[in-house]
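Morning, everyone. I'll go through one model today, salt bridges first, then the ligand, then the surface. Here it is.

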Amino acid sequence: MNIGIVCYPTYGGSGVVASELGKILAYKGNKVHFISYEQPVRLDFFSENLFYHEVTVSNYPLFQYPPYELALTAKIVEVVKNSNLQILHVHYAIPHAAAAIMAKKILKDIDGIKIPVITTLHGTDITLVGNNANYGEVISYSLNQSNAVTSVSESLKNDTYKLFSVNKNIHVIPNFINTEKYNRNGNLCSRKFFANEDEFILMHTSNFRKVKRIDDVIEIFTKVNSVKPSKLILAGDGPERSHIEQLCAKNKINDRVFFLGKQDNIEKILSISDVFLMPSETESFGLAALEAMACGVPVVSTDTGGQTEVNIHGFSGFTAKLGDVNAMSNYVLKIIESDETLNKFRQNAQYQALKFETVNIIPLYENLYNAILSENN
Ligand code: GMT
């Protein structure tokens, strides 16, 4: 199959999911063409089946806002024609779905080419960015004009129906994890570097945006640390980082908190961690929590969005109401109360992660591609 994938190239969920999907499809013999404004971070190697097409936006001084959607649409049209794409899979509704639908129409009306479009919703495009009345009609139209729409959780599917006028079936295809890469291997990183033998390691990783509520991470950690001496590892970077560094200094815990910045091989650090914290305002899925669970790290998260579909309360960790830092710190203390309890939660977390193993999820996309291709012929 000749597949085009449009995605954001950056660290962060949707780009990672799109890149990992493309890599697996290429490994299985498909030709996969990525279209983005930068090379996706996870595609920094050569494969004869992977291609990257860069969208460049002209910088003419007249443009206060460079016309990215137009450049993207033009690039999609070009790649579909030059590389004989059979299917276009766009990740994130804004602006990718809208650009793909415009490209689809141009290709049909001018060149007589029928290119089916699949749109995958990841969450922030719908629940945060998309929840803006100005975008409503464009998003609804782009979803309705897509040949198929997928969402990464039941919760996101329901939110999409609530927020937009979507008249087609949304297929839930959850995010996936390669448990060979994401596994507990404590030899890859030295636990001693971060903590003494009698200390626990709590961990959080994100793009440090407000929606992640890292203030709550700090509060939960402070409470846990006052009962059981612990260390906190924060991986990732983003707009909230300097505020959080100041907060740690103010709370006099900066000697117990490690700011690692962006990390490529997060499984190494997860492998030495005891509990993963994700007190987000919302998460359509929570891929970072799934990565933690696959590495045997139980998760304490909020119960918002799709998080309860990933993290099972009382089994792979616990879920609590948004902002309930008391409950979340008590849940951490419950998990680490004894070696036996911690080990049980670790095993359960890994067991739960297996449900999202790559081999179980990728065929759902392949089946959808095949169904859409046969409808389109
Ligand atoms: O969480 C982010 O800020 C990044 C964001 C994105 O759009 O890439 O992640 C979203 O998509 C991920 C992959 O499907 C999900 O695992 C995240 O839960 C989702 N983030 C939110 O819903 C806030």
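Start with Lys-334: at 39% relative accessibility, it counts as partly exposed. On that scale, buried is under 20% relative accessible area, exposed is over 50%, and partly exposed is in between, with a 1.4 Å probe and protein chains only. Lys-334 forms a salt bridge with Glu-337, 3.6 Å from N to O. Glu-337 is partly exposed too, at 44%.

A word on the ground rules. This is a predicted model, where local features need pLDDT of at least 70, side-chain atom pairs count only at pLDDT 80 or more, and totals for chains, interfaces and linings use all residues. Residues are numbered from 1 along each chain as its sequence is written, and side-chain values use heavy atoms, with hydrogens and water left out.

Back to salt bridges. The criterion is a side-chain nitrogen of Lys or Arg within 4 Å of a carboxyl oxygen of Asp or Glu. By this rule there are 18. Take Lys-81 and Asp-111: their closest N and O atoms are 3.4 Å apart. Lys-81 sits in helix α2 and Asp-111 in helix α3, residues 93-111, so the pair ties together parts that are 30 residues apart in sequence. Helices here are DSSP runs of H or I, at least four residues; strands are runs of E, at least two; numbering goes from the N terminus. Lys-81 is partly exposed at 36%, and Asp-111 at 32%.

Next, Asp-216 with Arg-213: 2.8 Å, N to O. Asp-216 is buried, at 7%. Arg-213 is partly exposed, at 28%. There is also a network, linking Arg-191, Asp-274 and Arg-346.

Now the ligand. What surrounds it? There are 16 residues, and the closest are Ser-14, His-122, Thr-124, Lys-212 and Glu-283. To be included, a residue needs a heavy atom within 4 Å. A polar side-chain atom of Lys-212 lies 2.7 Å from a ligand oxygen. For Asn-207, again a polar side-chain atom, the distance to a ligand oxygen is 2.8 Å. Gly-13 uses a backbone N or O atom, at 3.2 Å from a ligand oxygen. Taken alone, the ligand exposes 490 Å², and the protein buries 93% of that. Those areas are Shrake-Rupley, 1.4 Å probe.

Last, the surface. Phe-63 lies in the loop between β3 (50-54) and α2 (68-82). Phe-63 is partly exposed, at 34%.

How values were computed. A polar contact is a pair of N or O atoms within 3.5 Å; within protein, one must be able to donate a hydrogen and the other to accept it, and residues adjacent in sequence count only if both atoms are side-chain atoms.
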